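Here is a short report on one protein model. Look at the structure first, then read on.

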Protein chains: 2
Amino acid sequence: MTDQNASIRRGAEDPSLGYLRIATEESWCPPELVRMWEELIDAGRNADPAFESYVNFFLRSSSQWPKYVSERLQDLGSLRLEDMDATGIDRQVIALNSPGTQIFADAATATSVATMANDVLAEGCRAHPDRFSGLTAVAPQDPHAAAEEIRRGHDQLGLCGVILNSHTNGEYFSDPKFWPILEAAEALDTPIYLHPNWPPPSMIQPFLEVALEGAMYGYGVETGLHLLRIITSGAFDRFPRLKIVVGHLGEALPFWLYRMDYMHSAYLRGGRNSSVVKPLNRQISDYLKENVWYTTSGMAWEPCIQFCRQVLGSERVLYAMDYPYEVEEEEIRIQDGLALSPAELKAFFQTTAEKVFKIPAAG
Amino acid sequence: MTDQNASIRRGAEDPSLGYLRIATEESWCPPELVRMWEELIDAGRNADPAFESYVNFFLRSSSQWPKYVSERLQDLGSLRLEDMDATGIDRQVIALNSPGTQIFADAATATSVATMANDVLAEGCRAHPDRFSGLTAVAPQDPHAAAEEIRRGHDQLGLCGVILNSHTNGEYFSDPKFWPILEAAEALDTPIYLHPNWPPPSMIQPFLEVALEGAMYGYGVETGLHLLRIITSGAFDRFPRLKIVVGHLGEALPFWLYRMDYMHSAYLRGGRNSSVVKPLNRQISDYLKENVWYTTSGMAWEPCIQFCRQVLGSERVLYAMDYPYEVEEEEIRIQDGLALSPAELKAFFQTTAEKVFKIPAAG
């Protein structure tokens, strides 16, 4: 029973809490990239209607919510730290805001954005090593350069994983042309965070016409599709130690475990779409239980958290906030209050994240 | 502990079971419509690539699985009854197989197909009143004729609900032009079964290119989108007593209850997509808890069934098989063995269906 009027203190300040809170799906966008996005739209070179709607609302509107988001998104210092203090977050795992580099048609531009963003993010993390960790941004448009950037982020910049903002101009990591990126991540044993993007233009119309393309529904559908495409492509058979982290408790794929397994087997047995549907080494649900971790970004809801722990494995589910889009004290209190043992809560908020992202354990 | 070697007996034959098994998402397609579908494709007048793939596999292939499905789909007599006896199904609630009338561009053709199908189905139900119940097919292409057909099906043919095979040529019931259909269903207090369809051409590409457009994933996404579109359109505020039944445990919308409520409120508070996102009388999850029932077609998986009972209400979840696509004795045994009380099991298999579809209670 938490006192609803008490402020939330960080684990580092309140040892009686028993854990540090590590938030693992937290967004950031360098002001330089905001300007490039705006230029893309102003020059008429953007073909993604959801992207334009996003930029015009969250980065250009002066009304309260977008202004709040935009200021925090571009901060990598005191504003972010103040918010973390106010909501009891000991550490953020910070990633380049969607769609990051992946909106650019030109691979060289996208690659240079990734390099710039990683340099700035690494500097921010070095300035606050106890509070910030960061993921390596990549430009999938040039898979070999992206693999090289993953190695630079890991070996030279001290970054602790890779951010993939779902599809890249309508293309998915089920395509082996992107597999140098998976190969590099597996070789370094560093996780890829599969973060939402809007459905691509080839899919978005029935969502967009009723404003369901984003966090209401489209994000989850598109990101779930991406993860399922990666699994059915056989990528995890080629890279069996590859680690994926996915937000929003798995974008509803945990709900479908039984049906995906059943139908994949039925298709194979029955010869349905036999030119496309391939046998896999494991069942679809096995990959989801053995290669994937699930964060609670935007899903501070005990029944669904417990369902995912039950069907995926209790050690697979970890905390995320979704800063600065969803900053709710109440959501911290809900998750502090989950019906878990002290050891399970510590794993949920702290040690699973330390293990997956290889964050040095704090004192 | 059921003896795995024992045959499954119907509740009507084995009173010790304690309930009749009513299967509520069972498909049928008159041979006349199969021929019309084939003609549509052969004449080059079909623009839906998933439909063509479906017809060519399930209705034209001579290999084992599609042959099994095709024969049963077109039967409304002894073959169907034998299967029901073998799997312990006392009653099927039978509906016109997806996409039914909804693949036709021409409203008059679609309307005539609905009339024909309803006449044949009603005759089949009259021949086996203790075993078959049927839903009224409609052609949404002509909403006023469809409303009239709902009244004919209810008042004259003894049908017990309406089948809607999701989108109609890329259009959704969020569009008020379809609301005469909702109005008729509400006025008669007869439920609309929202059954899957493939994503429309405006959405299907990233699914189709990897054969995920159907039961593997696309069906669920498209049907969930349709239900969410109906809710956010305000249709349930206009028709507050409208009853919807949805299969596959709600096409993953139950997983998203918290996030949909949170984001809909956040959009409204923050002015996001304010020209499209409308205030509603209730929360999104309220409509899903108060106007919608959920069947277990293709989802014979206890963790997910219990999760849905928990978050939607135990009286909202009822049994379905998905005949003739998924005919598995094991799935009956799993659901007979759910950790429910005898009264809850009876509601799950029998009395909830009797209530929702107004099936006269059997002796």
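Which side chain does the side chain of B:Asp336 join in a polar contact? The partner is B:Arg21, at 2.8 Å. A polar contact is a pair of N or O atoms within 3.5 Å; within protein, one must be able to donate a hydrogen and the other to accept it, and residues adjacent in sequence count only if both atoms are side-chain atoms.

## About the model

This is a predicted model: local features need pLDDT of at least 70, side-chain atom pairs count only at pLDDT 80 or more, and totals for chains, interfaces and linings use all residues. Residues are numbered from 1 along each chain as its sequence is written, chains are lettered from A and ligands numbered from 1 in the order in which they are written, and side-chain values use heavy atoms, with hydrogens and water left out.

## Around B:Asp336

B:Asp336 sits in helix 15 (residues 329-336) of chain B. Helices (H or I, at least four residues) and strands (E, at least two) are DSSP runs, numbered from the N terminus. Its relative accessibility is 17%, so B:Asp336 counts as buried. Buried means under 20% relative accessible area, exposed over 50%, partly exposed in between (1.4 Å probe, protein chains only).

Leave aside neighbours within four places in sequence. B:Asp336 is then in contact (heavy atoms within 4.5 Å) with B:Tyr19, B:Arg21, B:Leu345 and B:Phe349.

## Strand 2 of chain A

Six of the six residues of strand 2 (residues 91-96) of chain A are buried, so this strand is largely enclosed by the rest of the structure. One side holds A:Arg91, A:Val93 and A:Ala95; the other holds A:Gln92, A:Ile94 and A:Leu96.

Strand 2 of chain A runs parallel to strand 1 (residues 22-28) of chain A, with five bridges between them. Two strands pair if DSSP finds at least two bridges between them. A:Ala23 has A:Gln92 as its bridge partner. Three bridges join strand 2 to strand 3 (residues 132-134) of chain A, also in parallel. There, A:Ile94 stands opposite A:Gly134.

## Salt bridges

Over all chains, the structure holds 44 salt bridges. Each is a side-chain nitrogen of Lys or Arg within 4 Å of a carboxyl oxygen of Asp or Glu.

One of them links A:Arg259 and B:Glu326, with the closest N and O atoms 3.9 Å apart. A:Arg259 lies in helix 12 (residues 257-270) of chain A and B:Glu326 in a loop of chain B, so the pair joins two chains. Both residues are buried.
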